[in-house]
Amino acid sequence: MRIPIAALIGLIFTGAYFLAAIFAGLLAPYGMAEIVGDVWEPASAEHWLGTDSIGRDLLSRMIWGGQTTIFVATAATILSFTLGSILGFIAAVRGGWVDQLLSRGVDLMMSIPSLISALVVLSVMPVTLPVLILVMGLLDATRVFRLSRAVAVDIAVMDYVEAARLRGEKQTWIIFREILPNALSPLVAEMGLRFIFSVLFISTLSFLGLGVQPPLADWGGIVKENKEGIVYGIPAALIPAVAIATLAISVNLVADWVLNRTTSLKGGRGG
Amino acid sequence: MHPILKLLVQRIALGLLLLLAASVLIFVGTTVLPGDVAQNILGQGATPQALENLRQQLGMNDPAHVRYFNWLGGVLQGDLGTALTNGQDIATSMGQRLGNTLFLAFWAAVVSVPLAIGLGLIAVRYRNRWPDKVISTITLATVSVPEFLLGYIAIFILSVQFRALPSLAMINESMSLGEQLYAISLPVLVLVLTVLGHMMRMTRAAILNVMQSAYIETAELKGLAPFTIIYRHAFPNAIAPVVNVVMLNLAYLVVGVVVVEVVFVYPGMGQYLVDHVAKRDVPVVQACGLVFAAVYIGMNIIADVVSILANPRLRHPK
Amino acid sequence: MADNLLTITGLKIEATAYPPGEPPKEITLVHGVSLELEKGKVLGLIGESGAGKSTIGLSSMAYGRGGVRLTAGTVTLNGRDIRLAAPGALRALRGREVTYVAQSAAAAFNPAKRLMEQVIETSLAHGLMGKAEAEARAVMLFGKLGLPNPETIGRRYPHQVSGGQLQRVMTAMALCPKPDLVVFDEPTTALDVTTQIEVLAAIKEAIRDTGVAALYITHDLAVVAQVADHIMVLRQGRMVEYGTTAQIIETPQEAYTQALVSVRSIDHVEKPEAPSVLSVAHVTARYRGTTFDVLKNVTVDLPAGQTLAVVGESGSGKSTLARVITGLLPAAQGKITFAGRSLSPALAQRTKDDLRELQMIYQMADVAMNPRQTVGTIIGRPLEFYFGLTGAAKRQRVQELLDQIEMGKGYIDRYPAELSGGQKQRVCIARALAAKPKLIICDEVTSALDPLVADGILKLLLALQAQENVAYLFITHDLATVRAIADRIAVMYRGEVVRYGTKTDVLSPPFDDYTDLLLSSVPEMELGWLEQVIASRRMVAAGN
């Protein structure tokens, strides 16, 4: 299998970020909340990225923060995916009132922007990691539901699914053997996009002070902690931008590749 | 009744119903979920008596549906309740802020909509050539960075390094329009950047879809000039999808505003909402949530209405 | 040479293909084709899909669809080579000297503009006539083309008129600016057969009356034989044969042309009476949420090992009949007896034997096979599901079935995308056969295929019927296919069976009105057929 260069770069970067998140304890030169120097020291041999607003090593904060951000985003994505795609498939295959109920419910949830919904809920719930994951996962599941339902409805009307029905196949065979293999690629690509969205979402919440709470590090929080430095020309708060943007772009590249690979299998009109 | 009018009435009624359902959702989200508002306000050290008094004062001992209808009844009469934290009337505090937010969103829309459509047209005109690629690369980069970071990058470069634009967007009524626009130039820039990417990509796709229709080929084979083809054949069919794109993204702008206001300390709705979420001031959160949902649903209704009006099949039934 | 309107010499047409996941590559669509067309004559371009006929047709306007490039040769129109002409010069000739009629008029009209505006647009844009004059000419052409209410039809929008009418409006749009040449690109292919003949007659008359020259592109030799003076047969971007229409139809020289001419002339003698395998009695059906019966009191009978052809146009209910028999749409009333047992109306109540013995083959083989399964899995699944075959025994049986459909070794591990259109349909046939059915419902199984490939499929189906004694319920709109394969025929019209019986009975007079119209509308591979039909219809109409 040939992997195009863009996808390869994307894979390498994505992999590197995940490895860094998993092995943060080994990679980070200092502890997460360890104060090791002066306030906002510039980059040096000891502190490659300098220090933050209270003298913690920024590189270590970034690595630990990456762990939190990637963990929360991954957990939320897994939740939204499992919930959204299962309900989406059920709605598509069962149709009728089940579909109506689920679809209208999702319409309602999507009638309020996700960030606003999250803020409303977080105004009464304790802001802890499980709550954040739950809220983000549930809100994002609506989008996964819409996509997987649409994909499954498209596939369910195909003659090969009808042929399986006429053969007398059970519903589990139809979902897992006829529909799922054909729905997988768009869903995997969407999973990448949902993951990026979750990264941006948790970062935004943390920046607003309503996400990951200090002293736990995360990328959005690092911006919040160091934003006062900006007006003095200290770019510490901008470092997460580089991390978020490179992660987002590399996941995007991988998702594009997965999606392109699918269309090559679907062709087959000619010949 | 003309069928199209019926369709429009239906669509608008559906939107209002959705808004009503959204109000239930917001109310449920803030009352049924675990988490004691009274406890949150008074803190862990509060005495049981104090908690009970506050609950009584907030009407929290009534059944949920009674409280909902009381709240909704108030909202319909323009009474959004009073803030827990400072006891001020929410509608009064919100008025000026809502105006400020709409002012900011309006100017962001004024800049971003023509720009996005223009860039979308350029990308279509030079499809798969370098202008298209440059535009799509830049827009991919802007959508990969969250709004608040775009904000700080803009502040870092434009206010701190070049000292060209103000980093705080303070406005008040005594300022002239020019001064106000100068003050909000950075937040507008950031909002434009956040919506531009999506809007431009979706516009490009919508126009491309129209340009690839068979009737455009028919027009080319009639020997019509490129401008005539776009003006007479592509434009009338592209209105609906483009308006849809624009509305969807303006709705997205409403969300972007929340974060951007916090970054630039702009006295608008977003800042108001975020402050009171942190203070767990539920009545304010409910009111803000409802206003944002109303704007969002309203944008979507407008998008639907335009696409119904622009559809010749609906305008001229068989 | 001096009289030639259009001369094409050594035309080579190339395009860039973008196979997903691979670098782009150059492909040649047309390899050095030459042709000549005199003023006022009609040249038919005929070939199967991929022959390059539309591409050549559009080259007469120096137009390349979707990035197609005319890379070598000359295209001389009215004495000047236009292959590399500047955009401005091309705009001046498109619409003024050459106009175009597309296959799908429904897509080719701008949905947001009234018909009249679009019809006269070319004449106005090129300054050929004033608005009033152009409108008058358009109304005249509408009338000539047999459109109802020629005075007012121009005020309608495209979606407000029928497909056949729209095709005629498109012809009027092409003729309005008085061009020298009209390119007709499969103008009647998307139409029902009874509509096709009317449009064809209208087009032919309009060509004759206006004295315009035409390139008439189609895959149907019988259609082009009615309108063309000369015919060029194309295959895979190369010319196979060129000659007068009479010569191509009556004395084709090349083997490929001969095959095209003799297509669907399979000689099938109907089989004698036999006990029935399927009886449909007084069946009525409607779709959920509608108040309209799509099937009305349908009664047909199919003898074991024989073929019942159900023929009708779109909307006749023939495909609905298949859905009712398979149980996808349970009948509201009536009774279906299959293999001696009464068949439950709904799919869910049927036994495994009911399902096994009643198989189905679809029109689009492309979407009838799961693209993620290999041929081995596709054919093997019924073996496993109905007979419990697994492992080597299953593979052995799959290979036997592949041999039976004349595909042999090397296909068992391929995916559907790696097969040609005909091969895909063969695999679908093998999947149906794997269940050892008593009846196979064939829903337009040859309609999406090129004529020669379709012929191969029909021959295969007949051979398999002889071997396996399987009955076919063959749904089609194509009467030539019916003649080739049917033992019995049911003619359907608006949800009713209007004529039913053995092939000989159904196809012999006296006819009912609809069957007469249907049978007389099928183009025949003979010169002057269209004139005869039109003349005889006029006589009948005058007689009434």
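Analyst: In this predicted model, ten residues of domain 1 of chain C are in contact with five residues of domain 2 of chain C. According to the domain assignment, domain 1 of chain C covers 4-261 and domain 2 covers 276-508. Their C-alpha centres are 37 Å apart.

The size of an interface is often given as the accessible area lost when the parts come together. For domain 1 and domain 2 of chain C, about 700 Å² is buried between them, and 50% of that area lies on carbon and sulfur atoms. On the side of domain 1, C:Glu48, C:Asp192 and C:Val193 provide 55% of the area buried against domain 2, which is more than any other three residues supply.

A second contact in chain C is between two helices, α14 (residues 375-387) and α15 (residues 391-404). They pack at an angle of about 110 degrees, and their axes are 9 Å apart. Angles of 65 to 115 degrees count as roughly perpendicular, so α14(C) is roughly perpendicular to α15(C). The crossing of α14(C) past α15(C) is right-handed.

Which residues meet where α14(C) packs on α15(C)? From α14(C) come C:Val375, C:Gly376, C:Ile379, C:Gly380, C:Leu383 and C:Glu384. From α15(C) come C:Lys394, C:Arg397, C:Val398, C:Leu401 and C:Leu402. Sorted by type, the residues of this contact between α14(C) and α15(C) are six nonpolar, two polar and three charged.

Conventions:
Residues are numbered from 1 along each chain as its sequence is written. Chains are lettered from A and ligands numbered from 1 in the order in which they are written. This is a predicted model: local features need pLDDT of at least 70, side-chain atom pairs count only at pLDDT 80 or more; totals for chains, interfaces and linings use all residues. Side-chain values use heavy atoms; hydrogens and water are left out. Axes are lines fitted to C-alpha atoms, for helices over the stretch in contact, and angles run from 0 to 180 degrees between N-to-C directions. Helices (H or I, at least four residues) and strands (E, at least two) are DSSP runs, numbered from the N terminus. Angles under 35 degrees count as roughly parallel, over 145 as roughly antiparallel, 65 to 115 as roughly perpendicular and the rest as oblique. A crossing is left-handed if the near helix is turned anticlockwise from the far one by less than a right angle, and right-handed if clockwise. Contact means heavy atoms within 4.5 Å. Ala, Val, Leu, Ile, Met, Phe, Trp, Tyr, Cys and Pro count as nonpolar, Asp, Glu, Lys and Arg as charged, and the others, Gly among them, as polar. Domain bounds come from an automatic or database domain assignment. Buried area is the accessible area (1.4 Å probe) that two parts lose on being put together, summed over both.
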